[in-house]
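Here is my notebook from a first walk through this structure. Have the sequence and the 3D view open beside you, and follow along.

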Number of protein chains: 2
Amino acid sequence: MDAEIISVGTELALGQVTNTNAPLLAQQLATLDITASYQVTVLDDGRQIEAAVETAWHRADLIFVCGGLGPTTDDVTLKSTARALQTTLATDQAHWAWIQQTFRQRQIDLLAENIQQARYLTGGQPLANPVGLALGSWYDHGGKVVVVLPGPPAEFKTMLMRSVLPRLVAKYGQGRRITSRTLNFLGRPESQLMDEIEAATKQFTNVTVTSYVQPSQIQVRINVYDLSKAMAKQLLDAVTAAILTVERPFYFGTGDQCTLAQVVVDQLKRRQQTITGAESLTGGLFQSTICSIPGASNVFAGGFVTYAAWAKEKLIGVDKQVVDQYGVVSSPTAAQMAEKSRQQLNADFGLAFTGVAGPEALEGQPAGTVWLGLAQKGQPVQTKELHLAPYIGRQAIRNLSVQYGLQMVYQALG
Amino acid sequence: MDAEIISVGTELALGQVTNTNAPLLAQQLATLDITASYQVTVLDDGRQIEAAVETAWHRADLIFVCGGLGPTTDDVTLKSTARALQTTLATDQAHWAWIQQTFRQRQIDLLAENIQQARYLTGGQPLANPVGLALGSWYDHGGKVVVVLPGPPAEFKTMLMRSVLPRLVAKYGQGRRITSRTLNFLGRPESQLMDEIEAATKQFTNVTVTSYVQPSQIQVRINVYDLSKAMAKQLLDAVTAAILTVERPFYFGTGDQCTLAQVVVDQLKRRQQTITGAESLTGGLFQSTICSIPGASNVFAGGFVTYAAWAKEKLIGVDKQVVDQYGVVSSPTAAQMAEKSRQQLNADFGLAFTGVAGPEALEGQPAGTVWLGLAQKGQPVQTKELHLAPYIGRQAIRNLSVQYGLQMVYQALG
């Protein structure tokens with residue numbers, strides 16, 4: 001089923017505010033298999049709002065009009081929506097009495113315009129607003145539903161969750177049900193990953209697989225349709241297995257919120273092991289990423305940022321002759337940084353980063369050349385060279401280096 | 001003038017991703033007095049995109065189509081836009097050769113679909129993408145302009161700033177001319193800052209002042225209208241002076257791209273001074289922020305991440321009895337971390353962070369309690385306590401701690 005979201009607000013049109021209501025609403029609709037196929041943002045302008053509602057009425061079954069329900073003169077949403085629907089406005093007398101009383105109690109001057117906040121679409125029902133003044137409207141007419149909601153995110157969200165979604169479930173809950181699972185990958189270009197996944201999953205029907213590139217990972221979402229919980233799980237498991245048969249080396253976890261840092265911290269915690277870092281080009285970003293996970297103190301006590309060559313020698317104890325002979329951006333330097341920092345902190349793992357963040361080359365090596373070193377107690381040190389594309393820029397090179405470093409740890413953790 | 005922004009992406013329609021491109025674009029258009037009166041989000045669906053472009057062609061003068069330029073089969077933006085405009089696609093052979101070469105160098109398999117990323121609208125011009133693979137398109141036809149841009153925010157922003165805005169200024173710059181200046185502040189709540197600025201600037205006419213809250217600062221933009229370059233500068237200078245008369249303690253720099261880290265690195269470089277860091281709750285985020293500035297190696301050699309108390313003692317040499325007596329989250333601990341790390345690196349400045357990132361309290365102190373320490377060669381150590389609001393969350397507490405630390409250095413630099 002198709003829904004349309006009309007967001008009203010000059011501050012949205014001018015880009016002064018990012019619209020967080022529309023994605024929240026779209027997400028919630030998606031769980032009911034309702035797609036917000038059209039999302040429109042318009043100014044606080046009566047004729048624009050009216051035109052947008054008319055257009056939506058012709059192409060969508062479920063229409064949301066969000067924002068512009070305040071008492072000021074530029075809040076014209078409700079009037080314009082009523083005009084487009086060829087209806088009028090009704091006043092909820094009980095709510096109007098409550099507004100008057102609230103203002104009296106808080107000793108705020110009541111304006112004549114405040115009565116607007118007690119109005120709703122005639123022929124529909126008012127929607128209560130537990131966290132603000134303005135009512136919403138639910139207008140079910142001719143096989144279509146129009147919902148009007150206030151713009152402030154806290155009010156929008158509360159009313160969506162408490163009043164609107166239950167009504168939507170009651171009305172449309174019989175429709176198609178989607179069950180989803182998100183798998184996370186690193187280290188494969190999106191086009192190649194998706195080609196291989198498409199080939200690996202083509203025997204399945206009633207399944208769609210989509211991808212989404214994030215700065216630190218590629219998220220692959222599997223959707224299955226109209227199945228009982230148990231059947232959906234079975235099918236998702238089968239599709240996951242088919243995907244992992246080919247993409248296991250690049251996979252690191254399941255779930256929308258899953259990150260490599262979270263996975264690594266969780267695993268280290270479970271194994272009661274610890275990690276430290278020795279960072280050159282990443283300048284503390286790896287350690288900061290670990291510390292962004294609540295409870296990181298269980299697995300991380302501290303580490304080193306050694307940007308200059310002499311700091312690698314002085315703080316970590318890297319041999320000057322290794323740096324002189326092989327260079328800062330080299331496997332032997334990465335290995336010493338990893339092992340000597342691990343020893344100093346008496347940690348189970350030591351992860352080192354040395355390379356060229358750019359924009360300039362270093363020691364004749366182009367931006368994007370990175371050596372990772374991973375020391376593990378009782379194991380030989382591993383190193384790995386990355387050749388990241390210089391054009392992605394300094395921050396992306398630093399960020400991806402951290403993610404590939406985390407992936408090395410993830411793989412070592414088995 | 002009216003512009004329309006069409007954002008393409010099923011992930012947007014499903015609310016999996018918040019659209020940050022459209023507000024950025026709308027903001028930039030607003031500076032040229034172009035209003036993004038219509039903003040539409042559609043699925044990765046050829047017919048929908050085509051219909052949206054056709055509708056936009058009838059009601060707007062300037063149309064942006066953003067997202068869906070990847071090589072996968074669900075990326076249909078360019079084809080559908082061409083259909084709506086009754087044109088075809090051309091291939092930029094030089095760019096196609098570059099893509100092939102890049103894939104060869106990086107030893108990634110090239111797919112036939114990748115040629116899509118070298119295509120643009122016939123009759124228009126390709127727009128270079130300095131940070132990604134897919135070209136954009138600039139299509140100027142029949143008094144209207146259609147601009148096609150890729151969706152990944154880093155690519156979108158770079159191309160908007162470098163290629164699109166200069167073209168828009170050249171084409172539409174003759175309208176109302178806005179000259180802007182952005183001032184950056186930290187440490188004052190937005191509502192208070194703007195109330196005070198409004199009072200301080202109310203004698204000026206032909207001026208608007210708007211604010212924009214960013215995670216690390218508040219940006220205040222002064223716009224003046226329809227003045228010659230010299231007159232505009234004079235008025236901007238006068239407004240700036242009036243604002244700084246009241247807000248000087250919170251000001252740190254001018255310009256849209258200005259950050260405290262950039263200002264601090266620039267000033268240290270100019271004075272040929274160096275800095276180091278000793279980080280507990282921030283876990284390397286301060287040093288990583290310094291290293292995010294190209295040329296940071298002139299002012300930063302390395303430093304410490306000391307999350308656990310014993311790491312503060314072992315790596316930096318903080319006295320155990322100071323930690324035992326005053327606690328980890330205390331002025332004396334912050335002072336020792338700053339001074340002893342400064343001495344170890346023989347740096348001009350040492351900046352220390354110790355505090356409670358949350359969610360749990362620490363040593364009986366709530367999340368958001370942070371001690372900053374700043375050591376400066378030949379000066380007494382300064383410390384400063386922050387009480388950040390716990391509800392802003394762990395990452396915002398860590399990020400703001402870094403910014404307030406940078407502000408301490410900025411103020412010490414005079």
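How many bridges pair strand β9 of chain A with β12(A), and in which sense do the two strands pair? I looked this up to get started. I noted first that I am working with a predicted model. Strand β9 covers residues 178–185 of chain A, and three bridges link β9 to β12(A) in the antiparallel sense. I also picked out one facing pair: Leu183(A) stands across from Thr254(A) in β12(A).

**Entry: the sheet around β9(A)**

I widened the view to the sheet itself. Four strands of chain A make an open sheet, in the order β10-β11-β9-β12, with antiparallel pairing. At the edges I found β10 (207–214) and β12 (251–254) of chain A, each pairing on one side only. From one strand to the next, the twist averages 25 degrees.

A helix packs on this sheet: α7 of chain A, residues 190–200. I saw that α7 touches β9, β10 and β11 (217–225) of chain A, and that its direction makes about 165 degrees with that of β10(A).

**Entry: two helices side by side**

Next I followed α7(A) to its helix neighbour. Two packed helices are described by the angle between their axes and the distance between the axes. For α7(A) and α8 (residues 229–247) of chain A, the axes come within 9 Å and cross at roughly 130 degrees. I therefore wrote down α7(A) as oblique to α8(A). The crossing of α7(A) past α8(A) is right-handed. On the α7(A) side, the contact is made by Leu193(A), Glu196(A), Ile197(A) and Ala200(A). On the α8(A) side, I listed Ala242(A), Ile243(A), Val246(A) and Glu247(A).

**Entry: a sheet that takes in both chains**

Which strands make up the open sheet of ten? I read the order as β17(A)-β16(A)-β15(A)-β13(A)-β14(A)-β14(B)-β13(B)-β15(B)-β16(B)-β17(B), and the pairing is mixed. The edges are held by β17 (382–387) of chain A and β17 (382–387) of chain B; each has a single partner strand, so one side of each is left without a neighbour in the sheet. On average, neighbouring strands here are turned by 15 degrees against each other, direction ignored.

I zoomed in on one pair in chain B. Strands β13 (residues 275–279) and β14 (residues 302–306) of chain B run parallel and are joined by two bridges. Ala278(B) faces Phe304(B) in β14(B).

**Entry: a hairpin in chain B**

Strand β6 (residues 125–127) pairs with β7 (residues 136–141) of chain B over three bridges, in the antiparallel sense. There, Pro126(B) has Ser137(B) as its bridge partner in β7(B). Ser137(B) also stands opposite Val148(B), in β8(B). β7(B) and β8 (residues 144–149) of chain B are antiparallel too, with five bridges between them. These two form a hairpin with two residues between them, and Gly142(B) in the turn has a positive phi of about 60 degrees.

Gly358(A) and Pro359(A) are joined by a cis bond with omega about 5 degrees, and Pro359(A) sits in the loop between β15 and β16 of chain A. In chain B, the bond from Gly358(B) to Pro359(B) is cis, with omega near 5 degrees. Pro359(B) is likewise in a loop, between β15 (349–355) and β16 (369–376) of chain B.

Positive phi values came next. Gln272(A) is not a glycine, yet has a positive phi of about 55 degrees. Gln272(A) lies in the loop between α9 (260–271) and β13 of chain A, and at 73% relative accessibility it counts as exposed. Gln86(B) has a phi near 55 degrees, and its place is the loop between α4 (77–84) and β4 (89–91) of chain B. Is Gln86(B) buried or exposed? With 76% relative accessibility, Gln86(B) counts as exposed.

**Entry: cysteines**

How many disulfides does the structure hold over all chains? I found zero. Cys291(A) is buried, at 0% relative accessible area. Cys66(A) also counts as buried, at 5% relative accessibility.

Key: Residues numbered from 1 in each chain as written. Chains lettered and ligands numbered in written order. Predicted model: local features only at pLDDT ≥ 70, side-chain atom pairs only at ≥ 80, totals over all residues. Heavy atoms only, no water. Pairing = 2+ DSSP bridges. Axes fitted to C-alpha atoms, helices over the stretch in contact; angles between N-to-C directions. Disulfide = S-S within 2.5 Å. Buried < 20%, exposed > 50% of the residue type's maximum accessible area, 1.4 Å probe, protein only. Contact = heavy atoms within 4.5 Å. Parallel < 35°, antiparallel > 145°, perpendicular 65-115°, else oblique. Left-handed = near helix turned anticlockwise from the far one by under 90°.
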